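Please examine the sequence and the structure shown below. The paragraphs that follow lead through selected features.

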Amino acid sequence: MKFGLPDGHGLSESIIQNLVFTDGGTPALSDIQHEALLVGVGQGRSLLVVSPTSTGKTQIALWAIAKSVENSCNVVYLVTHRALAKQKFEDFKTLLLAQYFEDSDSSLVIATGDYVENAYGEVVTHPLGAPILVATYEKYLALLSSSGIPADMTSTVIVCDEIQLIGDEHRGQHVEVLLTLLRNAGWKQFVGLSAVLESRDAKDLADWLGVTLVINQTREKHLHYECWTDNGIAAVTTEQPENIEEGIQRPSGIKLDTISILTYLLKQKSPPPPLPIIVFCMKKQDTYELAQKFADEYIKQEQKQLSLPFEGVPETSANTILSKIIGKRVAFHNADLIDEERHIVEQHLLDGKLDVIFATSTLAAGVNFPLGAAIFASWQRWNGSRRCYVAIEADEFHNMAGRVGRMGFAHEQGRVIFIANKSELRVAKRYLNLGALPSLQPRVTPTRFDQLVLQLVASGLCKHKDDVKELVCNTFSALREQSINPSSFDTWPGKLSDAIISLREEGFIIEGSSGNLAATQVGKAVAFSGLLPDTSSFLLKYMVNKVNRLVPLLPTPENHGDVTRLAFSLLSACYSAPEFRTYNKKPPTRFLPYPLENKILYDVKKNRHDLPESAWEVDPTPINAAGITLDWIEGADFRKLESMLPQMSAGMLREMFRNCVWTLQGFASIIEAAADGTVPESLRPKEFREVELDLALVRRLPRVMRRLSFRVGEGLPDDVLWMKELDSSDSNFKLFRTEILELRKKGFIRPEQIMLGSPDADQVRVAVFEKVKPSPQAKANWLRDICRDWKKDLRKRIGERHSKRARRCPNVSLVQEFYNSRGTEFELVFERILAALHIKFEKLDDKSTTGAPDYLIKLKDSPPLVLELKSKDGDKLVEYNKAVEVLAASEVHGHKDVFCVTLCHPGVDPSVPMVIASCGRLSVVESTDLGEALLRICEGTLTQNQLWKWLATPGQALIYDLPFPDYA
């Protein structure tokens, strides 16, 4: 520990006061923090900081962030996991928004695979331009792949947390590609953080990045490692890492098993037990079994209010167990838990309400918890390829162990215990050699060169095939491969040429005679989606082969269609794709739950011709996955789904649903780009060039697929999906999935039913909320009132935020007038907005022509659109018959081939979007969504042609569908 700041530290008085720890009024710095200031982090110097867990590395990054904000620079903070992104997002809200942004919630943005939104909870227009962007590595790469790298990143500060992810077997290529993009684009300052990089790797990585290495392997709070064996204990401390002491006598009477050692620690009086204690398990099942055994056999006191922490959380097998043990100050944490359960367990840990937690490595992913000791129930994990248990790598072991004894918590030091029998002893003792860490392995390999090349070209970083070869052959992996295996490295240029040829043949890139490269529209969609090119080609082929079977399943006013069969077909296509299944000898990149392989759950003989593989019995996993997902969106609860197969868990299912959402949304974007009729045939993907295909039919499906993705994300039937919008309001109440499904069972599926003030309606609402504390009536009244004011409140909030954003646009007053006006006044305001944005239009309804539609909109570089305005008094919604009137009106008045749009003000009835998709020539858009698009036109982040594409896709045009700015 160092006291005082070094000369020339570069930190402002504000940063020192708010972001530097003090002891008795004097700055108190860890050794690595002091060293980072010495070499210039506070003056904008780029660093790679390597130091053990709990030495204050995050604070170093925070100083760089605050300094950059003071200098009006942008910040990108990259993390490994969604949970860590959420934690940093919340930390920055507290530490930075009030101090540096006057509590402007729009200044802070989070981007993960689940969502991209600011601290208001709004979907973000321009995430790459946010003052502070917290993102997972893969999501930031996807944003760059879609929008292209901004032309100037010299005012951007990049922070890479857990940068050792570059060596991860499954994710390392994405991280390295991203770092390669950023390294070549340049930055204002770069700060990389790692606790487990081997010294040579750290030096090589710092040299490759062109940054200064700051490395210090000394911990401020030391760890005491103990390997318990039949012959005694071998131990070492981080204070004297070279001194391994062996032959220490084990405490008498203590068995060599996890529970006995845990109980021994808890019974210690002097020194007192280092609580809380984490027990690391390599298998999820062990966390359940050990936690239950410990709670049942060793914790005797009674608990109170067993299930209270899990009120409102969907019932699962996990929280059925957790609710019985968490009151005993015991819990478990693993990937089987759904997000709500993890949050409850983690909050109990942070609040000091747990003494023992049994966990897999999910609790060691960089999140800061007050752990005092760790016991490894096991340190070997099953390796499917080798068909045996294999010791985890030393870096993973020490990263997990490093979660204990952290700075900022009360423990003097951390204690780490692991067990080894005679046959394991030689391997186990490697963990006592604290300096021995595995070397980073090259993760950019020829296996995925096609995806890599597409990302480089789509981002705009590489515009010629020689650029691709030069950049890829100078990646970190390439330099390693060149030194380790030069003959293999010599094949890279040829394999890159093969990848370029393959992408060109698929229609994802185009190549000029001189070797110039550009991504096609569909190629950009593939790059942004993050899907493999193989997956994209697979899904495009599926669409070509099945579109004539899928579109007739859409509902129409005369026919209910078969939405269930349509959903099952699309889900099975996603789960059958190379993303999830081995394809051309390439392993999948995402995995379906292994229990799905063991049994055929669904007989789909009648639907076999809708599926990507008619001989589905050969591999039932995708069909099982599709069937379970279909049950989920039709209202099945987790307990029912878990019971379908042994070892099935809610956490597995939630992760599968999350992957499905991501795949469906990518699928929709790719199909939408491929079916764009304004794109020349030569620039369409191969699958769309080689057959006679009605693009108008294909265009009916993307928004249906996106709506299906929303259903999978929420687990709701289509007719009640709209109710999730009620949660967007500021309220102490939240409408849970179980409550929405219960309302549906009672026949309450429409807004006008839920807002009824009759005694019968009130009785239904109260019955649905009968378990709500303290009062079911209070929540029943909230639901009634919020449903009445739902659109009005939404319009008010968005109007206020849009007015703030529109300060630089001409005629700011038009924003509020747009949201507040009705009827003829609304038409006049709309016309003034079009004129202000230089959008040409022709007024078709001059009040002298009976039944004419309102406008012919003429957006730049785009075909015309017929647009009809439908405004309602109060919060009444536009119903189906009014939404489709424009179709007949356009035909009568000579525009039968022109795409039509109905602008619904304030909103459209929730039953409309699915039905109008089958029209093929109509979209509906609510005024709040169109308001966002028009504001982006004013800000210059959306082109008129992009607006046309957004509006000219059948279904409901939503903010979520709007593209990000294109820099490439």
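Which residue just after α34 takes a positive phi? Glycine 894 does, with a phi of about 85°. The model is predicted, so local features need pLDDT of at least 70 and side-chain atom pairs count only at pLDDT 80 or more, whereas totals for chains, interfaces and linings use all residues. Residues are numbered from 1 along each chain as its sequence is written, and side-chain values use heavy atoms, with hydrogens and water left out.

Helices (H or I, at least four residues) and strands (E, at least two) are DSSP runs, numbered from the N terminus. Helix α34 spans residues 880–892, and its residues Ala883, Val884, Val886, Leu887, Ala889 and Ser890 are buried; the term buried denotes under 20% relative accessible area, exposed over 50% and partly exposed in between, with a 1.4 Å probe and protein chains only. The cover over the buried residues of α34 includes β26 (865–871), β27, α35 (912–916) and β28.

Strands β27 and β28 also belong to an open sheet of six strands, ordered β24-β25-β26-β27-β28-β29 with mixed pairing. Two strands pair if DSSP finds at least two bridges between them. At the edges stand β24 (840–843) and β29 (955–957); each has a single partner strand, so one side of each lacks a neighbour in the sheet. On average, neighbouring strands of this sheet are turned by 30° against each other, direction ignored. Within the sheet, β27 (residues 899–905) and β28 (residues 922–926) run parallel and are joined by five bridges, and threonine 902 stands opposite valine 924 in β28. Helix α36 (residues 927–939) packs on the sheet, touching β27, β28 and β29, where contact means heavy atoms within 4.5 Å. The direction of α36 makes about 90° with that of β28; axes are lines fitted to C-alpha atoms, for helices over the stretch in contact, and angles run from 0 to 180 degrees between N-to-C directions.

Attention now turns to aromatic rings. The structure holds 27 aromatic pairs. Rings of Phe, Tyr and Trp (its six-membered ring) pair if their centres lie within 6.5 Å, and planes under 30 degrees apart count as stacked, over 60 as edge-to-face and the rest as tilted. Phenylalanine 418 and tyrosine 431 form an edge-to-face pair, 5.8 Å centre to centre with 80° between the planes. Phenylalanine 418 counts as buried because its relative accessibility is 0%, and tyrosine 431 is likewise buried, with a relative accessible area of 0%.
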